[in-house]
Amino acid sequence: MRVGVHINRFDHGGGGPALGAELAATGAAAEAAGVSRLSVMDHYFQMEFNGGAEAPMLEAYTTLGYLAAHTSTVRLGALVTGVTYRHPGLLAKIVTSLDVLSGGRATLGIGAAWYDREHDGLGVPFPPLAERFERLEETLRICRQMWDPQANGPFEGEHYRLAETLCVPAPVSSPHPEIMIGGGGERKTLRLVARYGDACNLFATSPEEVRHKLDVLRAHCEAEGRDDDEIRKTVAYTGEPATEGDLDAFTRDIAGYGKLGIDTVILAPRIGEPAEWIERFAAPAVQRLAELD
């Protein structure tokens with residue numbers, strides 16, 4: 001298994017002026033450690049359980065563009081973009097720009113959105129859950145169409161209508177930036193993974209629960225006529241051993257997931273200065289996971 005790192009806090013001790021240097025150091029540390037991907041949260045406000053709305057939060061794709069300029073190998077993306085945050089045509093263009101400028105390292109991580117406070121706070125519409133899933137599917141279709149150089153033309157959906165789906169320059173990634181759909185909802189989310197996704201992201205609740213989710217995904221793939229092996233499986237791990245630096249406990253926690261075909265474990269330590277943590281914990285974790293049977 002490989003290791004990803006998710007940057008989810010920006011409460012650096014030096015405040016806002018220190019964030020640029022910390023992010024650059026984080027990118028350098030991640031690549032030196034052999035981390036396969038760096039992601040950031042895509043939220044307007046910090047989440048309530050992670051410091052609250054008054055805590056610092058950077059805009060995701062501006063941050064990813066900065067990281068692209070300070071890295072050369074690690075994959076980059078948001079974990080995950082809420083479908084309500086940006087018009088889908090603009091989102092496809094933003095991710096394409098990240099992919100072009102990073103040399104083909106962009107991932108589109110996307111989900112149905114959930115944080116109503118940030119929508120209300122900044123005046124962004126937050127439709128009911130069923131509509132958000134409808135919009136998510138249309139957004140996935142729009143991105144796929146915009147990333148197909150032969151498919152320029154109108155898009156007519158229930159919620160979005162585009163006269164053209166031009167996207168020039170085209171993505172560097174072939175055939176397009178990876179689409180990773182976040183969440184484990186069995187009726188809708190995993191069905192969308194089977195239909196449109198290149199990767200899924202599940203919570204590392206327990207190997208038994210993740211095995212069940214993967215079985216559900218496999219059934220959706222069969223219904224869609226899709227080979228389940230085409231989809232990269234990832235889990236987000238937020239356990240205390242990662243934050244506390246207990247490598248042995250972390251390895252015990254993770255061992256069961258490797259047998260399920262999990263490709264990448266994404267670590268999400270709730271700390272505002274991740275560069276030192278990557279050197280201290282993520283680097284040896286990369287080696288440990290590479291050695292798991």
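Predicted model: local features only at pLDDT ≥ 70, side-chain atom pairs only at ≥ 80, totals over all residues.

Biologist: Let's start with the cysteines. How many disulfides are there?

Modeller: A disulfide needs two cysteine sulfur atoms within 2.5 Å. C143 is in none, as its nearest cysteine sulfur, that of C167, is 8.9 Å away. C200 has its closest cysteine sulfur in C221, at 8.9 Å, and that is too far for a bond. The count for the structure comes to zero disulfides.

Biologist: And C200 itself, is it buried or exposed?

Modeller: The cut-off for buried is under 20% relative accessible area. C200 comes in at 0% relative accessibility, so C200 counts as buried.

Biologist: On to the helices. Is α6 largely enclosed by the rest of the structure or largely open?

Modeller: Helix α6 covers residues 189-196, and its buried residues are T189, L190, L192, V193, A194 and Y196. Their cover includes α5, β8, β9 and α7. Since six of the eight residues are buried, α6 is largely enclosed.

Biologist: What span does α5 reach from its first C-alpha to its last?

Modeller: α5 has 18 residues. At 1.5 Å a residue, 26 Å would be expected. The model comes close to that, with a span of 25 Å.

Biologist: Now the open spaces. Which element gives the largest share of the lining of the largest pocket?

Modeller: The largest pocket holds about 740 Å³ of space. Of its 31 lining residues, M47, L79, V80, W114 and F203 are the closest to the centre. The elements that give two or more residues to the lining are β4, α5 and β9. The largest share, four residues, comes from α5.

Biologist: By class, how many residues in that lining are charged?

Modeller: Nonpolar residues number 16 in the lining of the largest pocket. Another 12 are polar. The charged ones come to three.

Biologist: One last residue. Is R86 buried or exposed?

Modeller: R86 sits in the loop between β4 and α3. Leaving out residues up to four places away in sequence, R86 touches D42, E59, Y61, T81, L91 and I94. Its relative accessibility is 13%. That is under the 20% cut-off, so R86 counts as buried.

Biologist: And how many Å apart in space are R86 and M57, C-alpha to C-alpha?

Modeller: In sequence, R86 and M57 are 29 residues apart. In space, C-alpha to C-alpha, the distance is 17 Å.

Note on methods:
Residues numbered from 1 in each chain as written. Heavy atoms only, no water. Buried < 20%, exposed > 50% of the residue type's maximum accessible area, 1.4 Å probe, protein only. Contact = heavy atoms within 4.5 Å. 1 Å grid on protein atoms, 1.4 Å probe; cavity = no way out; pocket = protein on both sides within 12 Å on 5 of 7 lines; lining within 4 Å. Points joined across faces, edges and corners; volume = space filled by probe spheres on them. Nonpolar A, V, L, I, M, F, W, Y, C, P; charged D, E, K, R; others polar. Expected span 1.5 Å × (residues − 1).
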